[in-house]
Amino acid sequence: PFNPSTHIQIGIPATHSAPVSLKIYNVRGQLVRTVFAGTKPPRFHEFVWNGVDDHGVPVASGVYFANFVSADTRLTRKMVMLK
C-alpha cells in the first residue's frame with residue numbers, strides 16, 4: 001500500500017539496449033499514467049509515481065498495476081493506493 005507516492009525500482013541488465021517503458025494501469029486495464037518511455041542505461045533505476053494520472057488528476061484509492069516492458073521482458077506488479 002502507498003500514499004501519496006510510491007517508488008518502483010527496475011534493474012536493466014548490461015546486455016540490454018532497447019527502449020523500455022513503465023506504465024500504470026487500473027483494474028479495468030485502462031492506462032492511467034506513463035511514468036517513463038524511452039531508453040535507460042544498464043543499472044538499477046528508481047521511478048516515482050506520485051498517484052496522479054497523465055492529466056495531473058489524483059487517482060482514487062484502489063488497485064493499480066505497474067507494467068514494465070522492454071524488448072524481451074514484461075513485468076507486472078500490483079500496487080494498492082490507500083487514502
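**Figure 1. Pro13 in the loop between S1 and S2.** In this predicted model, Pro13 occupies the loop that links S1 to strand S2 (20-26); strands are DSSP runs (E, at least two residues), as helices are (H or I, at least four), and both are numbered from the N terminus. With a relative accessibility of 47%, Pro13 is classed as partly exposed; buried means under 20% relative accessible area, exposed over 50%, and partly exposed in between (1.4 Å probe, protein chains only). Arg43 lies 30 residues from Pro13 along the chain, and the C-alpha atoms of the two are separated by 6.4 Å. Residues are numbered from 1 along each chain as its sequence is written. Local features need pLDDT of at least 70 and side-chain atom pairs count only at pLDDT 80 or more, whereas totals for chains, interfaces and linings use all residues, and side-chain values use heavy atoms, with hydrogens and water left out.

**Figure 2. The cis peptide bond before Pro4.** The bond from Asn3 to Pro4 is cis, with omega near 0°. Pro4 belongs to the segment that precedes S1.

Figure 3. A pocket is an open set of points on a 1 Å grid over the protein atoms alone, where a 1.4 Å probe fits and protein lies on both sides within 12 Å along at least five of seven lines. The largest pocket has a volume of about 160 Å³, the volume being the space filled by probe spheres set on the points, which are joined across faces, edges and corners. Its lining residues, each with an atom within 4 Å of a point, include Ile8, Ile10, Leu22, Phe68 and Met79. Strands S1 (6-12), S5 (62-69) and S6 (74-81) each contribute at least two residues to this lining. By class, the lining comprises seven nonpolar, two polar and two charged residues; Ala, Val, Leu, Ile, Met, Phe, Trp, Tyr, Cys and Pro count as nonpolar, Asp, Glu, Lys and Arg as charged, and the others, Gly among them, as polar.

**Figure 4. Arg77 on strand S6.** Arg77 is located in strand S6 and is one of the residues that line the largest pocket. Its relative accessibility is 52%, so Arg77 counts as exposed. Apart from residues up to four places away in sequence, Arg77 touches Tyr64, Phe65 and Ala66, where contact means heavy atoms within 4.5 Å. Phe65 is twelve residues from Arg77 along the chain, with a C-alpha separation of 5.5 Å.

**Figure 5. Ala60 and its partners Met81 and Lys83.** Ala60 sits in the loop between strand S4 (43-49) and S5. At 49% relative accessibility, Ala60 is partly exposed. When neighbours within four places in sequence are set aside, Ala60 is in contact with Met81 and Lys83. Ala60 and Lys83 are 23 residues apart in sequence, and their C-alpha atoms are 7.9 Å apart.

**Figure 6. The chain as context for the close-up views.** The protein chain has zero helices and six strands. Its radius of gyration is 13 Å, close to the 12 Å that the globule rule gives for 83 residues, so the chain is as compact as a globular protein of that length; the radius is taken over C-alpha atoms, and the rule is 2.2 Å times the number of residues to the power 0.38. Along the principal axes, the C-alpha atoms fill a box of roughly 40 × 20 × 20 Å. Of the 83 residues, 35% count as buried.
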